[in-house]
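The sequence and coordinates are shown below.

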Amino acid sequence: MTTQKRLGFIGLGVMGEPICRNILKAGLGSMQVLDLNKEPVQRLVADGASEGAGVRDLAATSDILFLSLPGGKEVEAILTGEDGILSSAQEGLIVVDLSTCPVGLTRDLHEAAKAKGVEFIDAPVARTRQAAIDGTLSIMVGATNDQFAVIKPFLEPAASEITHCGEIGTGQVMKVMNNMVLFQTVVALAEAMVTAEAAGVSKDLLLSTLSQGSADSFALRNHGMKAMVPGIFPLNAFATDYAIKDITYALELAADGGVETPSAELAKSMLERSSAAGYGAEYFPALIKVVEQSRLS
């Protein structure tokens, strides 16, 4: 049986709120929550959490503190800033970062935390908001074997797959590569859909047929069929500007390893064109609109 812990959760956005709710409802310990937006805080308080007094207080009173933030700069600020986690953390605190961050930064933050007696673990999440709601995310963890054994029970309510990828930073390696492949696939789908339509085949028929063959993929069935065919690109989803951030992390990692990635560069340029066209806040498969517009121009 898992020992009850004092849990904290910072960042209750599109993914953070449902992840936090699933962990909270598992009854693994008390839960304090923080976010700049008070609405998700209030919803989680109604579910049994308590509102934290601030970052310093959560750091001083939590055994495990989860972060679900927009990206690396936010994680760095909340961990190492003047009033950040490391300014008041109790020795032995475990910080579990569910955000998507640069691999190098993650390893640097791990060292900064270690110097303060704090364990910093990367555990970025993959799949959709609906998967976060359903508790069927894929979580990729960079940690020691002992660290992984401690935190795994607290991640299980949020995920159907939890993969120990290796030492610190390897979870982020997996996540940014996952997203790099995803973005490239969505670009390929957009080009195929617009080309097929120009040749007299509907987008719907194209994807339903491709799904029966070797071109089938998670991206086709989810991003393609559920967003690109009906043209539904909501604002409260994985926005184009967030996708640009993530593929930038992937390209930085490739550059660090001396790897040329022209197809990933193309995917980044398509996302940037989509953002420049006004779709930066929309669900990133909206890039198909840029491909459609280029055909019409």
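The model is predicted. Helix α11 covers residues 240-256, and the salt bridges come to a count of 13.

**Helix α11**
- The 17 residues of α11 should span 24 Å at 1.5 Å a residue, and the end C-alpha atoms are 24 Å apart, which agrees.
- Buried positions in α11 are T240, A243, I244, K245, D246, I247, Y249, A250, L251 and A254.
- The cover over these buried residues includes α4 (72-80), α8 (170-198) and α12 (262-279).
- After α11 comes G258, which has a positive phi near 70°.
- Within the buried set of α11, D246 and K245 form a salt bridge with an N to O distance of 2.4 Å.

**H110**
- H110 is located in helix α5, residues 103-114.
- Its relative accessibility is 14%, so H110 counts as buried, the limit being under 20%.
- Leaving aside residues up to four places away in sequence, H110 touches F120 and I168.

**Other salt bridges**
- E292 pairs with K203, with the closest N and O atoms 2.4 Å apart.
- Because E292 lies in helix α13 (residues 288-296) and K203 in helix α9 (residues 203-210), this pair ties together parts that are 89 residues apart in sequence.
- E292 is partly exposed at 21% relative accessible area, whereas K203 is buried at 12%.
- E282 and K289 form a salt bridge whose closest N and O atoms are 2.8 Å apart, and both residues are buried.
- A network of salt bridges links E17, R21, R43 and D47.

Terms used. Residues numbered from 1 in each chain as written. Predicted model: local features only at pLDDT ≥ 70, side-chain atom pairs only at ≥ 80, totals over all residues. Heavy atoms only, no water. Helix = DSSP H or I, 4+ residues; strand = E, 2+ residues; numbered from the N terminus. Expected span 1.5 Å × (residues − 1). Buried < 20%, exposed > 50% of the residue type's maximum accessible area, 1.4 Å probe, protein only. Contact = heavy atoms within 4.5 Å. Salt bridge = Lys/Arg side-chain N within 4 Å of Asp/Glu carboxyl O.
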